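Subject: Structure handover

Hello,

Here is the structure for you to look at. My notes on it follow below.

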Amino acid sequence: LMKDAFYSNWIAPLGPHVDAFEQEMAGYLGISHAVALTTGTAALHLALKLVGVKDGDTVLCPSLTFSASANVILYENAIPVFLDVHPESWTLNAEALEIAIKKYQPKALIAVDLYGQSADYNTILELCEVYDVAVIEDAAEAHGADINGKKVGGLGDAGIFSLYGNKIITSGEGGIITTNNHALYEKMKYLRDQSMSLEKRYWHTEIGFNYRMTNLQAALAVAQLERIDEMLDKRIEIFSWYHKYLNNINGIKLNPKSENYKNVYWMICVELLNLSEIERDNIMVTLNDKHIDSRPYFYPISEMPMYTTVNAPVTKLISERGINLPCYFDITKEQVVYICKELKKLL
């Protein structure tokens with residue numbers, strides 16, 4: 001597919017592979033429309049524009065997420081309000097959400113499917129419909145995750161996925177925005193191409209963005225999408241290995257598993273329940289000395305210097321004691337056994 005894209009001379013943004021990827025992604029997710037973009041962050045930004053977020057509007061967002069989920073709110077000079085997460089799912093706490101909606105009367109909510117675990121959209125969508133709050137699904141880390149068999153990405157007003165190099169499927173860099181709303185779909189295509197008029201070339205009726213995916217990237221994305229079930233099956237298998245060797249160890253808590261929710265395990269997550277942040281960091285250093293890579297969980301967004309600090313004790317606790325362990329596609333069971341053995345020694 002990459003060779004075909006190259007020799008077709010469709011190198012620059014847009015092209016037949018972009019069209020194919022958008023159609024196949026929409027079909028895979030079971031939704032009406034998908035639009036390919038440069039990054040997941042661009043998709044989030046465009047989603048805020050599409051649901052009408054403007055200067056001074058309030059946008060809700062969980063405190064436990066990657067920074068892009070929050071940064072796009074400031075792109076539009078909106079006001080971010082960060083919410084604590086549920087201790088079991090690590091996604092938005094429904095009780096905190098309802099309180100925040102009543103207090104801040106937000107224009108929109110960015111709900112995050114963290115590390116491959118879907119947010120509680122049953123509750124989220126019900127609350128946001130009552131209070132007329134737009135819902136943006138940040139499914140950047142959750143390709144293929146579902147609730148009761150329905151894949152994330154088509155549940156809210158708009159959904160987004162990242163195609164960065166470390167995601168479940170990748171185009172090296174890239175993103176996609178999804179919707180079941182045809183009017184929003186037409187606006188997505190318009191805004192990503194500098195808001196150029198379809199009737200009068202090089203005529204722009206409003207400020208747009210250069211958010212178009214290249215045909216070469218899309219060719220890679222199509223090839224990746226063809227293998228997504230294989231990739232998801234492997235991630236589930238990798239998690240089963242970790243679960244077998246770590247699940248019954250005192251002081252360890254693995255990725256959440258909720259009934260009727262399909263977790264796609266973008267990361268293998270381990271909470272070290274009895275350790276401080278310093279002790280957690282020391283374990284990561286020692287693992288690295290044994291040639292085992294690990295990463296900390298995301299830091300609370302609300303503690304970063306460009307944002308207003310809020311009280312999010314669950315987010316803070318989870319962040320301080322969590323690590324991500326290796327889960328790349330070619331990892332073997334023997335390697336996972338070695339990782340688990342060394343981690344148990346340190347505990």
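Is the crossing of helix 3 and helix 4 left-handed or right-handed? In this predicted model, the crossing is right-handed. The residues of this contact comprise six nonpolar, three polar and no charged.

Some detail on that pair. Helix 3 covers residues 40-50 and helix 4 covers residues 68-75. Their axes lie 9 Å apart, and the packing angle is about 45°. The two helices are therefore oblique to each other. On the side of helix 3, the contact involves Thr41, Leu44, His45 and Leu48. Helix 4 meets them with Ala68, Ser69, Val72, Ile73 and Tyr75.

Seven strands make up an open sheet with mixed pairing, and their order is 1-9-8-5-4-2-3. Strand 1 (33-37) and strand 3 (79-83) are the edge strands, each pairing on one side only. On average, neighbouring strands of this sheet are turned by 20° against each other, direction ignored.

Within the sheet, strand 8 (residues 158-162) and strand 9 (residues 175-179) run antiparallel and are joined by four bridges. Opposite Phe161 stands Ile176, which belongs to strand 9.

One more helix concerns this part of the sheet. Helix 2 (residues 16-29) lies across strand 1, strand 8 and strand 9. Relative to strand 1, helix 2 runs at about 135°.

Regards

Note on methods:
Residues are numbered from 1 along each chain as its sequence is written. This is a predicted model: local features need pLDDT of at least 70, side-chain atom pairs count only at pLDDT 80 or more; totals for chains, interfaces and linings use all residues. Side-chain values use heavy atoms; hydrogens and water are left out. Axes are lines fitted to C-alpha atoms, for helices over the stretch in contact, and angles run from 0 to 180 degrees between N-to-C directions. Angles under 35 degrees count as roughly parallel, over 145 as roughly antiparallel, 65 to 115 as roughly perpendicular and the rest as oblique. A crossing is left-handed if the near helix is turned anticlockwise from the far one by less than a right angle, and right-handed if clockwise. Contact means heavy atoms within 4.5 Å. Ala, Val, Leu, Ile, Met, Phe, Trp, Tyr, Cys and Pro count as nonpolar, Asp, Glu, Lys and Arg as charged, and the others, Gly among them, as polar. Two strands pair if DSSP finds at least two bridges between them.
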